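This briefing is meant to be read with the sequence and the coordinates open side by side. Its points are grouped by topic, so that each can be checked against the model in turn.

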Amino acid sequence: MNLPTRLALAAAIVGTFAAGIAFLSGCNVPARAESSQRWESARQCQSCHPEAFAEWQTSHHGIAFTNPEVRALSDDFRREECMDCHLPRPLAVTGFGKRTLPRRTHFDEGVSCISCHLGEDGGIVARNNRPEVPCKPKRSEAFLSVDACMSCHNQHQTTDQWRASHYAAQGIHCTNCHMPEADRKRPDGTIRKGRSHIYPGAHDKSMLAKAATFTAERQGNELVLALENTGAGHNFPTEERHRAVDLEYQFEDTTGPIAGLGTGGAPEWSRAWRFRQPYRDEPGENTQLPAGKKHEVRVAAPAGATAVTVRMWYRLTPMCNDLDPRSTLLEERKLEWQ
Amino acid sequence: MRTLTTLSVLVAILAACGGEPQSTHPKMPALPPLQLLPRIEELKQLGSRPVVSLSDVQQRELQEYADVVLGLTEADERIQKRAERNLLESEHAGAVLIPALKHKDAAVRSRAAWLLGRTSRSILQFPLLLRLKDETEPAVTVWIAEALHRLGNDAGLVWIDAAINHEATAQEAGTAALNLLREDGATLAEQPTWLELQQELQQRTKTWRRTGIGSRDGVTPPDAAEVLAILCKHLSITESFLLRPIDEAKFVIIRSGVLALPTVEIAITAAEPYLRSVALQILAELGRTANPLCTKTLPLLEDPLTAAYAMRALGELGCSDATAHLVARLSSPDIELRASAAGALGLFGATEHAPALAALMADANEAMDVRVQSAFALRCIGDNSAAVAFLAERKQKGDYHAPTLQILEDRLTQNR
């Protein structure tokens, strides 16, 4: 076999081999269209914003789709409408302040950097124009407005509650409490003011403690319990369906605790009041406490009472009892009765 | 020699195109133009039909009959039978029976459902479907499902099937199943086993999922305008931020079978993106029943907001006309579109594209969402050991969202 024939044969073998590889690898997939930088995952933000990323990753935005509590309540997201806000596409796609659409990718990222920071044009939106940095953020008024939170947080009327409050009139926005200022280090070591991405709320005891003022006093033979929403810019608790705030009491006499109504989160306790919006067919009316409002409850003391202990509980779900980790004891006080 | 070289290149080109260019690169017809129109107001108008108001006398009379037949007023057997006959003969029986579906006593709710199933008014399947959603008492659910079947809707048979598996409800569910199957003329042994009853129910459910038509013969279909009004009213409220109306709209419409199609057809071309996306999700759940809407769904592949939903819907509907468009989107720069296209190709068993899907699954540089959807697609297409191994590996390594893998597994076992 002469050289040209050998070369031709080699070409034929290589060609056939290439054809085989191409066939088996499914080369009928057209080459992927290359485009300018696409922002798709929160991990793309991590290298330049490690602190904000770390804060977000463990926040309830970061775990919005993986949180076992949510997964249980949404039947593992078989209730697809829950995905709208727990796995949203970038809010700007449908418009800040409008309903969101769910995505079906990056399941471990929940409400990610991309959900809030991706602009309509595929670029990044933020507080400032920064053409000199890699993601070239552009200032967006819509992104900075309450509308950005409303797309999801008005599902349970929280934004409407805020709009009806004096906080809205004073220009105190969601971010004032839920995204406080935080120091951020620039690459040159200097410090700038950024915003925290932890989003403290119903899972943060110190935040809950700031939301309302609880008082308990004796007036004659009555125990007067009162709760005033002095710190939340929306109802307390807000959100339909799950959250509840309970005021409970337990009287005692010289022999020990007096048997109560057994209506509290533990059998020996009595519930004086529950602040909650009933869900669906649940009986009762909405007893959530709007911003600035106060509610008072009076309980007649039993004969022989020598003291009373009162408690304020925050419950992530109304079904849980005092021992459940989803119940947070916000305050406990003891009043002498004699 | 030159001939040999040319031949080898030709072989390479042919093979690169899969050997059969027509089957792997189907000619891509242009998509029909995407025309979106504001629909919420239209749905509201269609949904606002005059409410038939009964006179106080009529209402009181019907309520008295209902109280007797629901056991809320004591009466002897003769009066009970007369009240039942009078109530069922009234075209307004629903006015007093529908509220009873929410009665605090489960026995009253069961009885109300039982009676609704015997009104012969198939339009009453819709309040029953809505109640099916919120009913928490398994025994009541059995009677809602039984009533639905009598009114031409087999969406509830899965609940009767499930109730047979539970000791507390097995007897009631078995009796309901036996009676309705015998009335349907099903061939059953004189004393059929539980399994036999369940197999019959499952067969009917399977047919319902494919056709959206109930298996009970002789049911007069509801008035189309009335159905449109009820379902449009459900869908017209999805513009609000509240979740419940959406939840209810989806639940009812998904279980309405072919009756849902005219409403969904309007909503998938809504200019309002959320409504459009909900309609496409409903369409996907309707599955093969909604196959007649394939052509109407295709243009949505050009919609940047809902193309991913449209792909899933096209896959579930079995719209093979979409194949070329889906293949083209396997190379989209958008991960979600690539992933959705891969999944959809699997849903209607695009066997000829298995090599392309296998390549995506094996591509370590590809996003995991796309690789997982490709593996799912390969498993839909057939027994694919590589795909089985790939998905098992994800589970074992825990490098992909486990509940999502489970949802895909569940879909594989549904055998729609």
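What follows is a short account of selected features in chains A and B.

The structure is a predicted model, and every value below is computed from it.

**Chain B as a whole**

- Chain B has 416 residues, of which 52% count as buried.
- Among the contacts in chain B with a separation of 6 or more, 66% are between residues 24 or more positions apart.

**Helix packing in chain B**

- Helix 20 (residues 335–347) of chain B packs against helix 22 (residues 368–381) of chain B at an angle of about 5°, and the two axes are 7 Å apart.
- Angles under 35 degrees count as roughly parallel, which is why helix 20 of chain B is described as roughly parallel to helix 22 of chain B.
- From helix 20 of chain B the contact is made by B:Ile335, B:Arg338, B:Ala339, B:Ala342, B:Gly343, B:Gly346 and B:Leu347, and from helix 22 of chain B by B:Asp369, B:Val370, B:Gln373, B:Ser374, B:Phe376, B:Ala377, B:Cys380 and B:Ile381.
- The residues of this contact between helix 20 and helix 22 of chain B divide into nine nonpolar, four polar and two charged.

**A buried side of helix 10 in chain B**

- In helix 10 (residues 157–164) of chain B, the residues B:Leu157, B:Ile160, B:Asp161, B:Ala163 and B:Ile164 are buried.
- These residues cover an arc of only 165° around the axis, which puts them on the same side of helix 10 of chain B.
- An α-helix has 3.6 residues a turn, so residues three or four places apart point the same way.
- The cover over the buried residues of helix 10 of chain B includes helix 9, helix 11 (167–183) and helix 12 (194–211) of chain B.

**B:Leu360 and its surroundings**

- B:Leu360 is found in helix 21 (residues 354–362) of chain B, and with a relative accessible area of 5% B:Leu360 is buried.
- Leaving aside residues up to four places away in sequence, B:Leu360 touches B:Leu330, B:Glu366, B:Val370, B:Arg371 and B:Ser374.
- Two of these partners, B:Val370 and B:Ser374, are also listed in the contact of helix 22 of chain B with helix 20 of chain B.
- B:Leu360 and B:Ser331 are 29 residues apart along the chain, and their C-alpha atoms are separated by 9.9 Å.

**Salt bridges**

- Over all chains the structure holds 56 salt bridges.
- The side chains of A:Asp121 and A:Lys138 meet in a salt bridge at 3.4 Å, N to O.
- A:Asp121 lies in the loop between helix 7 (113–117) and strand 1 (125–126) of chain A, while A:Lys138 lies in strand 2 (residues 138–139) of chain A, so the pair ties together parts that are 17 residues apart in sequence.
- A:Asp121 is exposed at a relative accessible area of 58%, and A:Lys138 is partly exposed at 47%.
- A:Arg326 forms a salt bridge with A:Asp324, with the closest N and O atoms 2.9 Å apart; A:Arg326 is partly exposed at 34%, whereas A:Asp324 is buried at 16%.
- B:Arg109 forms a salt bridge with B:Glu135, with the closest N and O atoms 2.8 Å apart.
- B:Arg109 lies in helix 7 (residues 106–116) of chain B and B:Glu135 in the loop between helix 8 (125–134) and helix 9 (138–150) of chain B, so this pair ties together parts that are 26 residues apart in sequence.
- B:Arg109 is buried, with a relative accessible area of 9%, and B:Glu135 is buried, with a relative accessible area of 8%.
- Salt bridges that share partners join A:Asp246, A:Glu248, A:Arg271, A:Arg274, A:Arg311, A:Arg315, A:Asp322 and A:Glu332 into one network.

**Backbone of chain A**

- A cis peptide bond, with omega about -10°, joins A:Phe236 and A:Pro237, and A:Pro237 is found in the loop between strand 6 (222–229) and strand 7 (244–253) of chain A.
- A:His106, which is not a glycine, has a positive phi of about 50°; A:His106 is found in the loop between helix 6 (91–94) and helix 7 of chain A and counts as buried at 14% relative accessibility.
- A:Lys136 has a positive phi near 45°, and A:Lys136 lies in the loop between strand 1 and strand 2 of chain A.

Notes:
Residues numbered from 1 in each chain as written. Chains lettered and ligands numbered in written order. Predicted model: local features only at pLDDT ≥ 70, side-chain atom pairs only at ≥ 80, totals over all residues. Heavy atoms only, no water. Axes fitted to C-alpha atoms, helices over the stretch in contact; angles between N-to-C directions. Helix = DSSP H or I, 4+ residues; strand = E, 2+ residues; numbered from the N terminus. Parallel < 35°, antiparallel > 145°, perpendicular 65-115°, else oblique. Contact = heavy atoms within 4.5 Å. Nonpolar A, V, L, I, M, F, W, Y, C, P; charged D, E, K, R; others polar. Salt bridge = Lys/Arg side-chain N within 4 Å of Asp/Glu carboxyl O. Buried < 20%, exposed > 50% of the residue type's maximum accessible area, 1.4 Å probe, protein only. Arc of directions from axis to C-beta.
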